[in-house]
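Dear colleague,

I am passing on the structure we spoke of, with the sequence alongside. Please look it over first; my notes on what was found follow below.

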Amino acid sequence: MVQTVLEPGTAENAASFRETYLAAYRFMLLARLLDDKFAALWRSGRIHGGVFLGRGQEALSAAIGVGLKKGDVFAPLIRDAAGRLAFGETVLDAARTYLGSARGPMRGRDGNVHRGKPQEGYLPMISHLGAMISVVNGILFARRFKKISDTVGVASVGDGATSTGAFHEALNQAAVEKLPLVLVVANNHYAYSTPTSRQFACHDLADKAAGYGVEADSVDGTDLNACLKTVGQAIARARAGHGPQMVVAELLRLCGHGEHDPADYVDPKLKSSPLGRDCLKVAEEFLLRQKWLDAAQLGALREEMVREIETAIAQVQREPAPDPFVEEWRALATRHLGETHEENGN
Amino acid sequence: MKKTGTEISYLDAIREAQAHALRDDPRVFIYGQDVGAFGGAHKATKNLAKEFPGRVLDSPISEDAIMGLAVGAAIEGMRPIVEMQFADFSTVGFNQIVNQAATLFWRTSVPCPLTVRLPFGGTSGSGPFHSQCMETVYAHYPGLIVLTPATVEDAYSMLLEAVAIDDPVIFCEHKFLYYHLKAEKLPSEALPVGKARIAREGRDMTIVTYSAMVHEALEAAKELAPEGWEVEVVDLRSVKPIDTDTVMASVARTGRLLCVGEAWPWGGVTAEIIARVTSEGYGLLDAPPQRLNAKDTPVPYHPNLWMAHRPTHHAIAAAARNLLRQ
Amino acid sequence: MPAIPIIMPQLGESIAEANIIGFLVKPGDTVEAGQDLIEVETNKANMTVTSPCGGRIEKITAQLNESYPVGATLGRIETTNEEVARLGLEVSAPTKPGDTDRVAKGNGRWSRVQPTVRGLPVPANAAGASFLSPRLKARMTELGLSAADLAGVAGSGAAGRVTVEDFEKFIAHLEKQRMSQASTMRVAVADAMRRSWTRPIAHVGMPVCLDPLFAYRKVARPKPGPALCALRALAVALAENSAPAGRLVGSKIVHPSSIDIAFAVEAEEGVLVPVLRNADKRPLKDLIAPYNELVELARERKLPPDATGGSIATVTNFGTFGLEWATPIPLPEQTLVLGMGAARHAPNWDSVKGQFVPIMEANLTLSFDHRVLDGGAAGRLLQHVADLMSEPEKL
């Protein structure tokens, strides 16, 4: 059993655990408040296209973000607002992509959750589920060529993605190549409206790992404590060269698939079960119990974050939108090999 | 490994180009099914795994993951060469090619310098799933470069250039030409990617074509010469981008256009050429432009059917005569 | 009763044909499925052709000692439908491609998909003798030529069309000839005549006695010329019935709104046609001055823009060139040209005196668009003009 930094036992470990927990909690709160803001903007018609929130999944997501180091690779899923922030994304960039600012990382060419900075290891997803896992594999594979060790890649997916061919091929590939991949599966029991009974037949998603020759852990996704420990351990094992790791977290989405979706299909029994706990509340209660923060501090933190978000949104709303007449309509890096079609304006 | 004094086949040229790339650029690696010790199903990577240990790697049968891995490696600055065992199988990795590789630069400004080698085109007895021409579907997507070398020299120099290009390149190597086409030596200089080649100068009509059909067109031109017709043959070399200028200049000289392709009739390279010439060079045409493609069915297995399915030099000559008589 | 052909089978991998060496049955015999019928010899061995089904030999068409290729019909067997069904044999004669389509539709009803949008009529043949390719048209435009200029160029293309090669040869040939520049007026007249000639033009003529006109001229002041008299006569005639000067557009005859008649004046390098407006509303003596003025202006090439155009007929006095008759062509926008030939001494039968008497005579011609006017109406108009000219003091 690999010793992790999260094992309390030594005073040093306890202090670092507290720091990690607080850091993770901050990202969870920021993500929740940012998501709320995006939802409000969508409802008031100020966001064009879809809005996809991560409400209910922040603990798992934050655990990934704080578990990774700068220089690692992260391919987030659509509900990883917390993880993205923890991995280094700014509120400004998230807002820019949602509000269509020309200054955002995707410059209006892609939107909402389809954002990232590939050369910083933060991969912008394509919409096809499961497709990003092999891309993470490729980066890890290339780093091995370049003799870069001590690197880990996390691919974050939902229960639905585990049914895709891409998931299967990529996990198998990672195992064959013994890559330091950590596959985190947020099993929120619904892929859009499809319950897991229609998604897979094995008893526990973690059982799939054995078929690939990969280690897997299960974790209560509503418990930040457990998430930090399990995800942290998986990352450590991968970094130490044990090959791909899989973590399956059980939780519930506390929002629709997108903000357009009222999600009436979710079983009310699940909602009222422990699975339906709000991980943010659970974390806050833990913080208060540990006396790491008091209610006033929590309140102040919340206010500060709301201000930060409002400032960012206000700034982004003043930024220019992409201009189709200034835009370079070119899909190739090699300029001289692009074709001009003047009739289509390029 | 250099063959001096003996003939070099189209396949040898492809192998040589890969060896050259592996030798000169540590960022290059080859990834695909059976490419390692086995040397590839077509022997395109024969001995390369031995000469460059750890750079020529066998993949599982997972075209989607193969392509995704290549994209990731390209993001990280490597220059992967992916060998698809047959072009026909690339459809399993289609999503990663057209949605991941082809959109990366446009969405993020990060280039994707990978090369996908597609052994394509028909050989007798190969049947519907080992004979397809895939250049049309890939050329349609923005963000991809599609190359179709027709000569041993181009197979060599264009593959080298493909690896050097910072964009995803779909390199369509024709299986029939692997062993059938031979040259005396490898070229030291070449037309750049993006320029078409006048394979045969002519006066009375222009045939625009690519890959194996270039040779069928040249045979047809030989058949027509004693009848008093001088047929110009343009080898496109790349179908994305298309060297429209060379095509237009040729039609300006001859006034008559026949496009020939081994792919299916709907859309495709022949339709694209005619669309361009008709809209940009309408006044150059002295007769309606024509095209010849394979029959609109999957590629048949039986040699009788296969030989009738694709354009042959006889069919090309007949179509040419029709056009010349108009 | 259906009949099945007896076919030369594939007797071996590389066997292409076989020689008939014996018949084991004859027409009328009843046979069983698989029974030996015909003995054949291949380059490898002697074999037999067996019966495809049970039935009765209808006929043997193969000849002894002749070679037949694999797949050739050697005879026919009459058999039952059940036998045919049992063996899954093809009975019907080979169908034409269209038939197969119909059969393949199953329920027999085979209807074409009706287009939902009806657009422009598509020409049945976009090629053919009159096809001018885009390239040819582009070259013609470049050189300022029209289809009329191609008349006489031999076409080597399909259906005798002129290809761009034919055209370039023609131009190269022309450039070897001596050429001079045609004036703008020449080119304009050429264009007008070409456009006019797209109509069917016909001509009628009659001699008219000029004695009354000459007598009138002796005493009239100022003196009207013969052409002006003819013009005024035409104006009066058309004022009474303007239909002959109407234009045919599609199926409608457009009547003239005013009787504006032009007359031809020869100027350098061409002909000008100034117009006398409302020539029906002014008597002959009031037309003389404006007429002379227009003639002067025309000769000096100083006609104002409103002096030409918009006329419904032209009068031309080709007699001034000594011509007795001519067939002028109306302007593209006109239907009629009235022409007058040279005056001459001519004998005229005087039925009162019972002898020929000398008169001054000239031919009066009417050229007309035969779509608007027929010979009878043209003749009547001309006669009316001649009658009016015989009483010039009333014009």
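**Notes on the model**

In chain C of this predicted model, four strands make up an open sheet whose order is 5-4-2-7, with antiparallel pairing. At the edges of the sheet lie strand 5 (46-50) and strand 7 (67-69) of chain C, each of which pairs on one side only, and from one strand to the next the twist averages 45 degrees. Within the sheet, strand 2 (residues 17-23) of chain C runs antiparallel to strand 4 (residues 36-41) of chain C, and four bridges join the two.

Chain A and chain C, by contrast, are joined by no contact, and their closest C-alpha atoms are 21 Å apart.

A cis peptide bond is found between Lys240(B) and Pro241(B), with omega at about 5 degrees, and Pro241(B) belongs to the loop that runs between strand 12 (238-240) and helix 9 (244-254) of chain B. Another cis peptide bond links Arg221(C) to Pro222(C), where omega is about -10 degrees; Pro222(C) sits in the loop between helix 6 (211-219) and helix 7 (226-240) of chain C.

Positive phi values are found as well. Lys178(A), a residue other than glycine, has a phi near 50 degrees, and its place is the loop between helix 6 (165-177) and strand 3 (181-187) of chain A. In chain B, Arg237(B) has a positive phi near 65 degrees, again in a residue other than glycine, and is located in the loop between strand 11 (231-235) and strand 12 of chain B.

Is each of these residues, then, buried or exposed? Lys178(A) has 14 other C-beta atoms within 10 Å and is therefore partly exposed, because that class lies between the limits of 12 or fewer for exposed and 20 or more for buried. Arg237(B), with 27 C-beta neighbours inside 10 Å, counts as buried.

Technical notes
Residues numbered from 1 in each chain as written. Chains lettered and ligands numbered in written order. Predicted model: local features only at pLDDT ≥ 70, side-chain atom pairs only at ≥ 80, totals over all residues. Pairing = 2+ DSSP bridges. Axes fitted to C-alpha atoms, helices over the stretch in contact; angles between N-to-C directions. Contact = placed C-beta atoms within 7 Å.
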